[in-house]
Amino acid sequence: MQAKKRYLILFSTGACLILLFCLGGIQVPLSRRGPSRPHDRRLSGYGPGARWRHMSGYLQPFSSWEQDRSDDLTEHISPRQKRDANSGLYTGKRCRMESCFDFSLCERNGFKVYVYPQQKGEKLSESYQNILSSIEGSRFYTSDPGQACLFVLSLDTLDRDQLSPQYVHNLKAKIQSLPLWNGGKNHIIFNLYSGTWPDYTEDLGFDIGLAMLAKASISTENFRPDFDVSIPLFSKDHPRTGGEKGYLKYNTIPPYRKYMLVFKGKRYLTGIGSDTRNALYHIHNSEDVVLLTTCKHGKDWQKHKDARCNKDNAEYDKYDYREMLYNSTFCLVPRGRRLGSFRFLEALQAACVPVMLSNGWELPFSEIIDWNRAAVIGDERLLLQIPSTVHSIHQDKILSLRQQTQFLWEAYFNSVEKIVLTTLEIIQDRVLLHTSRSNLMWNSLPGGLFTLPQYSTSLRDFPFYYAELGIKPPSKFTAIIHVVTPLVSQSQPVMKLLVAVAKSQYCAQVIVLWNCEKPLPAKHRWPATSVPVTVIEGESKVISSRFLPYNTIPTDAVLSLDEDTVLSTTEVDFAFTVWQSFPDRIVGYPARSHFWDSNKERWGYTSKWTNDYSMVLTGAAIYHKYYHDLYTTYLPASLKIMVDQMSNCEDILMNFLVSLVTKLPPIKVTQKKQYKETMMGQSSRASRWADPDHFAQRQTCMNKFANWFGTMPLIHSQMRLDPVLFKDQVSILRKKYRDIERL
């Protein structure tokens, strides 16, 4: 009987507890990971501007952080609460674009950036000067603050370590005195180093107010999503423009190198950042996992040295860092005093897949880059699992990771200019959200800097994604004939050219670009054709107007022609069918080449017929019309003005641009035995080929273009595409492009 009573009491108690739970009387902590943010569009994973915050990599997630703190079981602090509690950093800690940015400043003139004039007596570090120069040389720059959407200080904020010689004193008062500061609204502050010994906090030493922060080594706790930008830590020797290419010369299969995992760097004996590097010796085996540290740095290292220092220092000196970097499959990137490290960019360039060991670091450009495709995201608390993890990654995945490191390095990180432009493009995408880039644009060739959202937000409108989307290139082209001489006879080459092009089965329309000083000829002067012929006047009669993005171009493919070009309908048809296989490149007939003149230490230009080429002139070439937008928008006004003043080199500049974007050479197709550029009258502007200064001008252009680009983007090729059965000893009736052999 007593047993029955006990069971009844237990049953009643359990029923009451269940009832209280259902009614909300008891709160059961179902999750320790904090509240989710389903309405945060930047965490949605897909769509324009989706962020890649949750990077699981290849390591199993560690147990929730509360389990390591047995004395704090009663109160959960989410990352957002921790971020908000850190009120000592800046007053705008809760800023987002919607709350701390004035979008109205961007409505009238678009996304323009103003750089404050340098104040008298204020010195700038070389790195900060490079940042400002990159902005001033970009298409975003404006010298009128009234047109600006974003403002950049001329006060050097890069190094806020009080022990650094680059530290700027009294920065707070100097900034507050700026008439346009407005509490920091619509300002962006660049920073590489913050805090100092011993804590190395992220405090900049002044209140940034409502300003955005483009910061290296920023933590996820202090990073304000959809507002700040995480940038990489780069050295003072990082090139301003151009930048070196990645070191992956060819894809080796299988993609293994001499070492599986390497690291070489300082070991901190005390203070912040010492734990991880002090533990690396546990997984070092001197064979395929080589992790070297040295205590020998700083003034009083001997005072703090431990029992391992002498042995570590001796082994450290046996290995060359560069040799290790270039001969390892994976490179460990542990945190130092700060979360970021120079080794991050060094590993990317060397095609050594980074293995990140820096808990809480908001990775560079995490808003747009999917780092799971280029790096292994580790956990400092799971150091002993790292070797087995990297050994378990399949060779196909390693090759994919390595290729992505090269793409990201060259697209966003190999120069200060690209780092700055990527930062500005990210902010522009936030401001102009309806035209922001997709994640595929940012994470695949040619990258977000070369896919202008003002042109289109649809991938199918760009020449780079046809294969990935599984769609066929366009089946029609628009011919644009550039005319600079008066129309005086029906037998002029331009008339014959127009008729031949219009007969092509692939021609949708012919546009005659009238850049002649004489008035437009009457409509009846032009020959009758089966396709529409539109005559438009060039803007300001300058040569760059041939590459303007005219709304009258209905097709994606453009056949660019000089008025003195001599081509048959068969040649046009064949060139277009070749272009359909290479829609992102320039495909055409007249080829030229460049070379390095070691005697004069400059680039040279040659028109000789040799065994290779690096340019296809746009006097007879087919390309995608997107390059008109890129030429007009991406290139600086200074280069286009130079081209227009000389009335020369626009074709070289277009080749520079396309090769820079594609990292590929143009395509030359077969042509008649002798391609003649018809010599017009000496009084004509078209007589440039007979001008003795013409060749010298093109030499000058080559070097000025290379100087602005910071590199030589042109690539040599020895490939020429001919029709199948070309010159073969078979019946001419069996050949599709038989007329080409007769010319």
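**Briefing: disulfides, cores and a buried strand**

C649 and C701 are both buried, where buried means under 20% relative accessible area, exposed over 50% and partly exposed in between (1.4 Å probe, protein chains only). This is a predicted model in which local features need pLDDT of at least 70 and side-chain atom pairs count only at pLDDT 80 or more, while totals for chains, interfaces and linings use all residues. Residues are numbered from 1 along each chain as its sequence is written, and side-chain values use heavy atoms, with hydrogens and water left out.

**Disulfides**

- The structure holds 5 disulfides, each a pair of cysteine sulfur atoms within 2.5 Å.
- In sequence order of the bonded cysteines, the pairing is 1-2, 3-4, 5-6, 7-8, 9-10.
- The sulfur atoms of C649 and C701 are 2.0 Å apart, and their link is right-handed, with 85° about the S-S bond.
- C649 lies in the loop between α19 (637-646) and α20 (650-662) and C701 in helix α21 (residues 692-709), so the pair ties together parts 52 residues apart in sequence. Helices (H or I, at least four residues) and strands (E, at least two) are DSSP runs numbered from the N terminus.
- C331 and C352 are joined with an S to S distance of 2.1 Å; both residues are buried.

**Nonpolar cores**

- A nonpolar core is a set of buried Ala, Val, Leu, Ile, Met, Phe, Trp, Tyr and Cys residues joined through side-chain atoms within 4.5 Å.
- The largest core has 78 residues, of which F190, F365, W371, Y412 and F413 touch the most other members.
- Helix α13 (residues 416-431) gives this core its largest share, 8 residues.
- At least three residues of this core come from each of domain 1 (90-230) and domain 2 (259-409), the bounds being from an automatic or database domain assignment.
- A second, separate core of 51 residues includes I480, I586, L630 and L660.

**Strand β21**

- In strand β21 (residues 620-624), 5 of the 5 residues are buried, so the strand is largely enclosed by the rest of the structure.
- A620, I622 and H624 are buried on one side of β21, and A621 and Y623 on the other.
- Strand β16 (residues 557-562) runs antiparallel to β21, joined by 5 bridges; strands pair if DSSP finds at least two bridges between them.
- L561 has A620 in β21 as its bridge partner.
- Strand β17 (residues 587-588) also pairs with β21 in the antiparallel sense, over 2 bridges, and G588 stands opposite A621.
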